[in-house]
Amino acid sequence: MSDDDWSTRHSVLTTARRTAALVNVLADDRPDPGEVAAVLLAYGETGPLALGPHEVAEMRGAAALLREVFAAATADEAAAVLNRLLQEHTGPLRLTSHGGTAPWHAHIDRDDDAPWAEWLLASSCMALAVLVWDRQRPPGRTCASGSCRNVFVAQGSGPERRYCSRRCATRERVAAHRGRHSGGPVEEPA
């Protein structure tokens with residue numbers, strides 16, 4: 001793997017997207033370890049990955065804490081949550097190359113063999129903090145659809161997204177349209 005491939009797979013934006021994907025898959029009451037491993041593999045971790053129920057339960061706790069960042073309405077709120085998480089759950093900034101197996105990069109977890117939950121929380125906080133710093137707005141959102149709990153990374157310079165996907169936005173627009181034509185309550189999505 002070239003350094004360019006590694007850098008692309010571990011960029012701040014990719015790490016933030018991985019965070020959102022993990023927060024979403026870990027939101028289930030009983031997340032499937034195979035699905036969690038599939039997300040990790042899709043975002044650049046090397047396999048095979050064998051996650052046990054205990055590791056997934058700990059990652060689920062970390063994901064619940066990270067969900068608070070996505071729920072923040074302002075950059076100030078996101079920064080306050082991130083500052084609390086960084087203070088309570090991460091170590092000092094350090095550089096690692098994982099024993100020469102990867103390019104040098106920053107970590108704020110305890111060490112290269114930190115548990116998955118610690119790694120998830122630390123690497124996610126670092127990426128989300130950089131997005132707040134870079135964009136001066138919350139790094140993501142929770143889907144505005146009442147039937148969806150997913151989080152997503154807000155990006156780009158266009159209008160702010162309210163939904164995690166086109167599917168949720170379309171479902172909400174159709175429901176609003178039907179509500180207008182049936183005499184029911186109308187809530188117009190943006």
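Colleague: Does Asn24 count as buried or exposed?

Modeller: Buried, because its relative accessibility is 18%; buried means under 20% relative accessible area and exposed over 50%, with partly exposed in between (1.4 Å probe, protein chains only). Bear in mind that this is a predicted model, where local features need pLDDT of at least 70, side-chain atom pairs count only at pLDDT 80 or more, and totals for chains, interfaces and linings use all residues. Residues are numbered from 1 along each chain as its sequence is written, and side-chain values use heavy atoms, leaving out hydrogens and water.

Colleague: Thanks! What does Asn24 touch, leaving aside residues up to four places away in sequence?

Modeller: Arg67, Arg149, Asn150 and Val151, with contact meaning heavy atoms within 4.5 Å. Asn150 is 126 residues from Asn24 along the chain, yet their C-alpha atoms are separated by 5.4 Å.

Colleague: Switching to H5, which residues are buried there?

Modeller: Ala75, Ala78, Val81, Leu82 and Leu85. Helices here are DSSP runs (H or I, at least four residues), numbered from the N terminus. Seen down the axis of H5, the buried residues fall within an arc of 130°, so they line one face of the helix; the arc is that of the directions from the helix axis to the C-beta atoms.

Colleague: What do those buried residues pack against?

Modeller: Helix H4 (53–71) and helix H6 (116–135).

Colleague: And which exposed residues sit on the face turned away?

Modeller: Asp76, Gln87 and Glu88.

Terms used: Helix = DSSP H or I, 4+ residues; strand = E, 2+ residues; numbered from the N terminus.
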